[in-house]
Each structure stands twice: as structure tokens, then as C-alpha cells.
Amino acid sequence: MKLVVFDCDGTLVDSQHMIVAAMDMAFKRAGRKTASRNAVLSVVGLSLTTAVSRLLPDVDRSTVEELAESYKVAFGELRADPAHREPLYPGVREAIETLVQRDGVVLGIATGKSRRGVAAVLEREGFSGHFTTIQTADTHPSKPDPAMLLAAILEAGVTPHQTLMIGDTTYDMDMARSAGARAVGVAWGYHPAADLHGAGAQLVIDDSAQLLPVLSQQLQSLEQAS
């Protein structure tokens, strides 16, 4: 059995516009100067409180938690607005729908997105039931701590050497290395490909349309190694 674990934001769905807009709304409602777009995108993938702490390193814990809650409210408002979307990247649907049918392969998600947010994406895209294990920062330490990936591996009943971790940030690559899984970066997300390589990605997929063929090759490589 092989496990393919995906990050969500920046890997499966392009949520950057909603994330930046929600963070702007949260900061403005708190009377704070908004963070730059690049700064916000640099912390995508971390748990929400950790991300806010990175953006505002000098504020106290209660302020961080208030801003995190405000962000959640803002994101929910944006999700309800048809003008805002989190579209799948090209090639993602084909990859998910093909891999879920492949014998000896199960799928998982490990993300800093909330469980509620993941459920909304999966329901909207018709992916409910496609993922054997879903791990979020709601119940685990923030990436790059390997806890959520190790929990996915345990729940799927595989070993780290039978696991691919697919993500767009250095946090994903660091998490994969710490868990002993194979780290596969994607270049269409929020961290540069060079940074992914530097964080230990064993390869970086340049084009989302190549997601399925590259992952198929990686699974074949795992099968040959086992």
C-alpha cells in the first residue's frame, strides 16, 4: 500500500486571493496596518495562529488569537460571496480522480487549513470520500512539525517510506523529511521552487498539468524500491 498526501492551499486549490483578502479584512477590523501580499503568502501552510504570529511577532498571544478568529470570520464571509473562489489548479481533478481508483494507493491531506475549510473544498469539488486520512492544524502542531503527517501515515497503515508528501511550501518539505516520507514540491504555489529544493524536495513539479504523470512515476519508483 502507498500513501499520497497532499497539502491543500497552493497545492490543490489556488486560494491566495481569498487568503490575502481575509487577512486584510482581519487586520483592518483590528485597526492595524495590513501585511503585504508577499508576507501573507509566505506564511500560507502554517497554522493560523502561527501565521499571524509570524506576521506580527511583537504582539501578545491574546491579540494573535483575536486576529486569527477575525480572519476565520472574514474567510467565511468571502467563501459565501460568489465573486470569490478557490479553484482547483489545472490537472488536479484528473490526478485525484485517477489516483483514487488505483489499486494499492490511498490518498490523504495534511494542511494548515481548518477541517471545516477542507470539508468545504472537498464537498464543492465532489471529492468527499476520496481521502482516507485528513489531518489539519485544528488538532496538530503547525507545520513543519511532522505530527500531522505521521498521524496520516499511522491512520493509513503504511510506513514513511511508502509515503509521498506533495506540497508547495518549505514547511511541507521540512515536514516530509522529518517524518521520513518522500518530499515532492510543486512550483505553482506560494514558495519558489529554489526554496523547495533547498528545503529537501526530492523533486519539484513545474507544471500542474504534469501532476498525474509525475506522481505515477513516483509511485512506480516506490513500488520498485519495496
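Predicted model: local features only at pLDDT ≥ 70, side-chain atom pairs only at ≥ 80, totals over all residues.

Visitor: How many of the ten residues of helix α8 (residues 170–179) are buried?

Guide: Seven of the ten are buried, so helix α8 is largely enclosed by the rest of the structure. Residues are numbered from 1 along each chain as its sequence is written, and side-chain values use heavy atoms, with hydrogens and water left out.

"Buried" means under 20% relative accessible area, "exposed" means over 50%, and "partly exposed" is in between, with a 1.4 Å probe and protein chains only. Helices (H or I, at least four residues) and strands (E, at least two) are DSSP runs, numbered from the N terminus.

Now to the helix itself. The buried residues of α8 are Thr 170, Tyr 171, Asp 172, Met 173, Met 175, Ala 176 and Ala 179. Just after α8 comes Gly 180, with a positive phi of about 85°.

One is Met 165, in strand β4. Met 165 has a relative accessible area of 0%, so it is buried. If we set aside neighbours within four places in sequence, Met 165 is in contact (heavy atoms within 4.5 Å) with residues that include Asp 172, Met 173, Met 175 and Ala 176, which are also among the buried residues of α8. Other partners of Met 165 include Val 5, Ala 110, Leu 149 and Val 184. Met 165 and Arg 177 are twelve residues apart along the chain, and their C-alpha atoms are separated by 9.3 Å.

The other is His 191, found in the loop between β5 and α9. With a relative accessible area of 9%, His 191 is buried. A polar atom of the His 191 side chain lies 3.0 Å from the backbone nitrogen of Thr 170. Leaving aside neighbours within four places in sequence, the residues in contact with His 191 include Thr 170 and Tyr 171, as well as Leu 41, Ser 42 and Asp 168.

Rings of Phe, Tyr and Trp (its six-membered ring) pair if their centres lie within 6.5 Å; planes under 30 degrees apart count as stacked, over 60 as edge-to-face and the rest as tilted. By this rule the count comes to two aromatic pairs. In one of them, Tyr 71 and Phe 75, the ring centres are 5.8 Å apart and the planes stand at 35°, so the pair is tilted. Tyr 71 and Phe 75 are four residues apart in helix α4 (residues 61–79), which puts about one helical turn between them. Tyr 71 and Phe 75 are both buried. The pair of Tyr 89 and Trp 188 has ring centres 6.2 Å apart and planes at 55°, so this pair is tilted too. Tyr 89 is in the loop between α4 and α5 (92–99) and Trp 188 in the loop between β5 (182–186) and α9 (193–198), so to speak a link between distant parts of the chain, 99 residues apart. Tyr 89 and Trp 188 are also buried.

For another helix, look at α10 (residues 211–225). Its buried residues include Leu 211, Val 214, Leu 215 and Leu 222. Viewed down the axis of α10, the buried residues fall within an arc of 165° (taken from the directions from the helix axis to the C-beta atoms), so they line one face of the helix. The face turned away from that side carries the exposed residues Gln 217 and Gln 224. The buried residues of α10 pack against elements that include β4 (163–167), the strand that holds Met 165.

Finally, let us step back to the whole chain. It has ten helices and six strands. Buried residues make up 53% of its 226 residues. Among contacts with a separation of 6 or more, 63% are between residues 24 or more positions apart. Along its principal axes, the C-alpha trace spans about 55 × 35 × 30 Å.

Note on methods. Polar contact = N/O pair within 3.5 Å; in protein donor to acceptor, adjacent residues only side chain to side chain.
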